[in-house]
Amino acid sequence: MAAIYDALFIFMPIVVLIGLIIVWSYFSPKRVVIYEYERGVVFHNGKFHRILVPGAYWLLQRFDTLQRVDVRARFITIPGQEVLTADNINVKVSIAASFQVNDPLKALTITSNYSESLYMILQLGLRDLFSSSPVEELLAKRGELSKRLFETTVEKVSNIGLTLPIALLSPRT
């Protein structure tokens with residue numbers, strides 16, 4: 001009987017240590033670093049928890065999910081769109097725009113891909129702008145077209161968490 005107690009006395013700390021290692025690995029925190037040019041959106045058990053600004057953080061890897069969002073200014077080009085004017089004439093126009101993520105939570109939760117959404121918003125704004133005007137009016141007000149495109153799309157873009165500092169049209173041949 002004494003041999004059994006001696007064996008338990010020797011193996012019990014090992015069993016407890018293994019148990020603690022298993023529990024620690026299940027609930028262990030994970031260190032993450034958010035850089036200056038990004039923001040982190042933390043979801044705890046699938047629900048929004050907080051937005052991380054640049055710095056180092058500890059997250060519970062079993063319960064917390066981190067999605068990083070790049071907040072640097074980026075550019076998008078929509079090349080050579082064939083657009084039909086109000087008097088049924090095809091015009092080929094390109095768009096160049098600059099955008100930046102303003103609200104990381106909206107950018108991640110309102111749309112599945114904010115870059116594609118911006119592309120579509122600009123493309124549809126261009127089509128609306130050109131389809132409501134005849135060619136003579138478009139040629140006479142070429143300088144004003146970029147401003148009108150910017151005005152019609154800026155609110156839609158802000159609804160998905162982006163800012164649109166500039167959107168320019170350029171005619172294509």
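I began with asparagine 45, which counts as exposed because its relative accessible area is 53% (exposed means over 50%, buried under 20% and partly exposed in between, with a 1.4 Å probe and protein chains only). The model is predicted, so I kept in mind that local features need pLDDT of at least 70 and side-chain atom pairs count only at pLDDT 80 or more, while totals for chains, interfaces and linings use all residues. Residues are numbered from 1 along each chain as its sequence is written, and side-chain values use heavy atoms, with hydrogens and water left out.

**Positive phi**

I found asparagine 45 in the loop between β2 (38–44) and β3 (47–52), where strands are DSSP runs of E with at least two residues and helices are runs of H or I with at least four, numbered from the N terminus. Its phi is positive, about 55 degrees, although asparagine 45 is not a glycine. Most residues other than glycine have a negative phi. I then looked up asparagine 88, whose phi is near 60 degrees and likewise positive; asparagine 88 sits in the loop between β6 (74–84) and β7 (90–101) and is exposed at 60% relative accessibility.

**Buried strand residues**

In strand β1 (residues 29–34) I looked at isoleucine 34, which is buried at 3% relative accessibility. I noted that tyrosine 57 is 23 residues from isoleucine 34 in sequence, with 8.0 Å between their C-alpha atoms. Leaving aside neighbours within four places in sequence, the contacts of isoleucine 34 (heavy atoms within 4.5 Å) include Leu52, Val53, Pro54, Tyr57 and Leu66.

Serine 98, in strand β7, is also buried, with a relative accessible area of 7%. Not counting residues up to four places away in sequence, I found serine 98 touching Arg74, Phe75, Thr163, Leu164, Pro165 and Ile166.

**Helix α3**

I checked the length of helix α3 (residues 114–131): its 18 residues should span 26 Å at 1.5 Å a residue, and the end C-alpha atoms are 25 Å apart, which agrees; the expected span is 1.5 Å times one less than the number of residues. Among the buried residues of α3 I listed Tyr114, Leu118, Ile121, Leu122, Gly125, Leu129 and Phe130. At the start of α3, I saw that a side-chain oxygen of asparagine 113 comes to within 3.1 Å of the backbone nitrogen of serine 115.

**Helix α1**

Last, I placed valine 16 in helix α1 (residues 2–27) and recorded valine 16 as partly exposed, because its relative accessibility is 46%.

Terms used
A polar contact is a pair of N or O atoms within 3.5 Å; within protein, one must be able to donate a hydrogen and the other to accept it, and residues adjacent in sequence count only if both atoms are side-chain atoms.
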